[in-house]
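Biologist: I'm new to this one and would like to learn how to read it. Could you put it up and take me through it step by step?

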Amino acid sequence: MPKPSTRTKILAYICAKCFTTKADKLAWFVGKTLFNESLLCRTCWQDQFNSLTESERKEYGFYAKNK
Ligand SMILES: [Zn+2]
């Protein structure tokens, strides 16, 4: 049995929400939204993050640190 790979293959450097290819940085978003497990640009990522509930946001370490 081959070991399960944890590597994520990114085929296209494109935002899953607004489809921009010009963003200098895309981030993997995981949360209970329509774009769960999607690669999003900074603007869309922030947009999705803001739609999370308070407890879901706390799962992100940096958010807890900034509080
Ligand atoms: Zn976007």
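Predicted model: local features only at pLDDT ≥ 70, side-chain atom pairs only at ≥ 80, totals over all residues.

Biologist: Let me begin with Thr-43: is it buried, exposed or partly exposed?

Modeller: The general idea is to count C-beta atoms, which are placed from the backbone: a residue is buried if 20 or more others lie within 10 Å of its own, exposed if 12 or fewer, and partly exposed in between. Thr-43 has 13 other C-beta atoms within 10 Å, so it is partly exposed. You'll find Thr-43 in helix H1. Its C-alpha atom is separated by 9.5 Å from that of Leu-26, 17 residues apart along the chain.

Biologist: How many helices and strands does the protein have?

Modeller: Helices and strands are DSSP runs numbered from the N terminus; a helix is H or I with at least four residues, a strand is E with at least two. This protein has 3 helices and 2 strands. Reading from the N terminus, the order is β-β-α-α-α.

Biologist: What share of the residues is buried?

Modeller: Of the 67 residues in the protein, 13% are buried.

Biologist: Which residues of H1 are buried?

Modeller: Cys-44, Trp-45 and Gln-48. Look down the axis of H1 and those buried residues fall within an arc of 105 degrees (the arc of the directions from the helix axis to the C-beta atoms), so they line one face of the helix. In general, an α-helix has 3.6 residues a turn, so residues three or four places apart point the same way.

Biologist: What do the buried residues of H1 pack against?

Modeller: For this we use contacts: two residues are in contact if their C-beta atoms, placed from the backbone, lie within 7 Å. The buried residues of H1 pack against strand S1 (26-29) and strand S2 (38-41).

Biologist: Can we take Cys-44 as an example?

Modeller: Cys-44 lies in helix H1, and it is buried because 22 other C-beta atoms sit within 10 Å. Leaving aside residues up to four places away in sequence, Cys-44 touches Cys-15, Lys-17 and Cys-18. Take Lys-17: it is 27 residues apart from Cys-44 along the chain, yet their C-alpha atoms are separated by 6.7 Å.

Biologist: Which residues make up the largest nonpolar core?

Modeller: A nonpolar core is a set of buried Ala, Val, Leu, Ile, Met, Phe, Trp, Tyr and Cys residues joined through C-beta atoms within 7 Å. The largest one has 8 residues in all: Cys-15, Leu-26, Phe-29, Leu-39, Leu-40, Cys-41, Cys-44 and Trp-45. S1, S2 and H1 each supply at least two of its residues, and S2 gives the largest share, 3 residues.

Biologist: What does Phe-29 touch?

Modeller: Not counting residues up to four places away in sequence, Phe-29 touches Phe-35, Ser-38, Leu-40, Trp-45 and Gln-48. Phe-29 is in strand S1 and counts as buried because 21 other C-beta atoms lie within 10 Å. From Phe-29 to Gln-46 is 17 residues in sequence and 9.5 Å in space, C-alpha to C-alpha.

Biologist: How does Phe-49 read: buried, exposed or partly exposed?

Modeller: Phe-49 has 17 other C-beta atoms within 10 Å, so it is partly exposed. Phe-49 lies in helix H1.

Biologist: What about the backbone angles? What is phi of Glu-37?

Modeller: Phi of Glu-37 is near 55 degrees, a positive value in a residue other than glycine. Glu-37 is in the loop between S1 and S2, and it counts as exposed because it has 10 C-beta neighbours inside 10 Å. Phe-19 also has a positive phi, near 65 degrees, and is a residue other than glycine. Phe-19 sits in the segment before S1.

Technical notes:
Residues numbered from 1 in each chain as written.
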